[in-house]
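Open the model in your viewer and keep the selection tool at hand. The tour below goes stop by stop.

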Amino acid sequence: MIQFEGRVVLVTGASRGIGAATALDFARAGARGVVVHYHTRVEEAHAVAGEIEKAGGESMVEGADLADSVAVEALFSKTLARFGGIDIVVANAGVWPSESCPLDRVSAERWSHTLRVNLDGMFHVCREAGKVLRDEGALVTVSSTAGQRGEAGHADYAASKGGVISLTKSLAVELAPRGIRVNCVAPGWVETDMSAPALRVDAIARQSVLRAIPLGRIATPEEVAGPILFLASSLARHITGEILNVNGGSVLCG
């Protein structure tokens with residue numbers, strides 16, 4: 001059974017979707033403290049923290065723009081001041097521009113924003129995690145199937161998530177001497193607010209997505225949170241540098 005008694009966990013992008021499900025699952029699995037990071041959704045973050053407290057965990061809510069290195073340093077400093085150490089970091093926060101756009105029409109502003117949030121923000125979080133994680137700790141990043149096979153009309157997103165995969169593999173080797181394992185979960189389509197414009201509004205697009213998934217359904221946030229907890233747990237203590245696909249069989253590349 002996966003247990004995290006006494007562990008302190010920081011989850012970025014934890015106000016909704018995969019991040020919220022992951023933060024709550026860590027609390028249910030016995031984590032001593034769970035940091036709920038958010039960028040703009042403060043009310044949702046506090047709601048998640050309330051559920052963590054109901055599950056018996058201690059929560060801390062902190063806002064930060066992860067693309068700002070100073071803000072990320074402050075996020076980690078506040079966590080250390082509150083809990084005295086960090087055992088697990090889940091680097092989940094990211095954006096997905098829902099409007100499909102061929103590369104020749106992708107604006108410099110869109111490209112910069114997507115890379116700034118998804119890759120620069122990931123870099124800042126992983127850099128701080130590498131500094132402060134306790135030995136034998138775990139870092140789990142969240143990428144996407146788009147980072148493995150590309151995604152037409154979303155080259156900015158695919159490029160940013162491909163960068164996350166390469167960063168994960170690099171850090172797995174760098175941090176291994178301290179016993180810190182670095183792994184990545186790469187989800188396919190997930191029923192979240194971020195995917196809602198494409199999945200809940202456009203019925204034709206939804207059916208097209210479903211036809212491409214051998215298991216015949218779209219994942220829930222909880223079905224991605226479970227693999228994240230597995231990779232962070234002692235059950236995966238000899239796994240590092242791995243990219244774990246969670247996509248119902250839609251992309252088979254491992």
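**Stop 1: Glu62**

Select glutamate 62, which sits in strand S3, residues 58-63. The model is a predicted one. Glutamate 62 has a relative accessibility of 16%. The cut-off for buried is under 20%, so glutamate 62 counts as buried.

Now show its surroundings. Leaving out residues up to four places away in sequence, glutamate 62 touches Val36, His37, Tyr38, Leu75 and Lys78.

**Stop 2: H1 against H2**

Select helix H1, residues 17-28, and helix H2, residues 42-54. Two packed helices are described by the angle between their axes and the distance between the axes. Here the axes come within 8 Å and cross at roughly 20°. Angles under 35 degrees count as roughly parallel, so H1 is roughly parallel to H2. The crossing of H1 and H2 is right-handed.

Show side chains at the contact. From H1, pick Ala20, Ala23, Leu24 and Ala27; they meet Val48, Glu51 and Ile52 of H2. By class, this contact has six nonpolar residues, one charged and no polar.

**Stop 3: H3 against H4**

Next, select helix H3, residues 69-83, together with helix H4, residues 108-132. Their axes lie 9 Å apart, at an angle of about 35°. H3 and H4 also make a right-handed crossing.

Which residues of H3 meet H4? They are Ser69, Val72, Glu73, Phe76 and Leu80. On the H4 side, colour His124, Val125, Arg127, Glu128, Ala129 and Val132. The contact of H3 with H4 divides into six nonpolar, two polar and three charged residues.

**Stop 4: H4 against H6**

Colour the H4 side of the contact: Arg110, Trp111, Thr114, Leu115, Asn118, Leu119, Met122, Phe123, Cys126 and Gly130. On H6, the partners are Ala155, Asp156, Tyr157, Ala159, Ser160, Lys161, Gly163, Val164, Leu167, Leu171 and Leu175. The contact of H4 with H6 has 13 nonpolar, five polar and three charged residues.

**Stop 5: Arg110 and Asp156**

Stay on these two helices and zoom in on arginine 110 and aspartate 156. Side chains of opposite charge can pair when their charged atoms come close. Arginine 110 and aspartate 156 form a salt bridge, 2.8 Å from N to O. Arginine 110 is in H4 and aspartate 156 in H6, so the pair ties together parts 46 residues apart in sequence.

Are these side chains buried or exposed? Arginine 110 is buried, with a relative accessible area of 15%. Aspartate 156 counts as buried as well, at 0% relative accessibility.

**Stop 6: Asp135 and Arg178**

How many salt bridges does the model hold? The count comes to 10. Go to another one, between aspartate 135 and arginine 178, where the closest N and O atoms are 3.1 Å apart. Aspartate 135 lies in strand S5, residues 133-142, and arginine 178 in the loop between H6 and strand S6, 181-187. The pair links distant parts of the chain, 43 residues apart.

Check the surface. Aspartate 135 is exposed, with a relative accessible area of 52%. Arginine 178 is partly exposed, at 26%.

**Stop 7: Glu136**

Stay in strand S5 and select glutamate 136. What is its phi? Phi of glutamate 136 is near 70°, a positive value in a residue other than glycine. Glutamate 136 is exposed, with a relative accessible area of 59%.

**Stop 8: Glu223 and Arg217**

Finish with glutamate 223 and arginine 217. Their side chains meet in a salt bridge, 2.8 Å from N to O. Glutamate 223 is partly exposed, with a relative accessible area of 31%. Arginine 217 is partly exposed too, at 44%.

Conventions: Residues numbered from 1 in each chain as written. Predicted model: local features only at pLDDT ≥ 70, side-chain atom pairs only at ≥ 80, totals over all residues. Heavy atoms only, no water. Axes fitted to C-alpha atoms, helices over the stretch in contact; angles between N-to-C directions. Helix = DSSP H or I, 4+ residues; strand = E, 2+ residues; numbered from the N terminus. Left-handed = near helix turned anticlockwise from the far one by under 90°. Contact = heavy atoms within 4.5 Å. Nonpolar A, V, L, I, M, F, W, Y, C, P; charged D, E, K, R; others polar. Salt bridge = Lys/Arg side-chain N within 4 Å of Asp/Glu carboxyl O. Buried < 20%, exposed > 50% of the residue type's maximum accessible area, 1.4 Å probe, protein only. Parallel < 35°, antiparallel > 145°, perpendicular 65-115°, else oblique.
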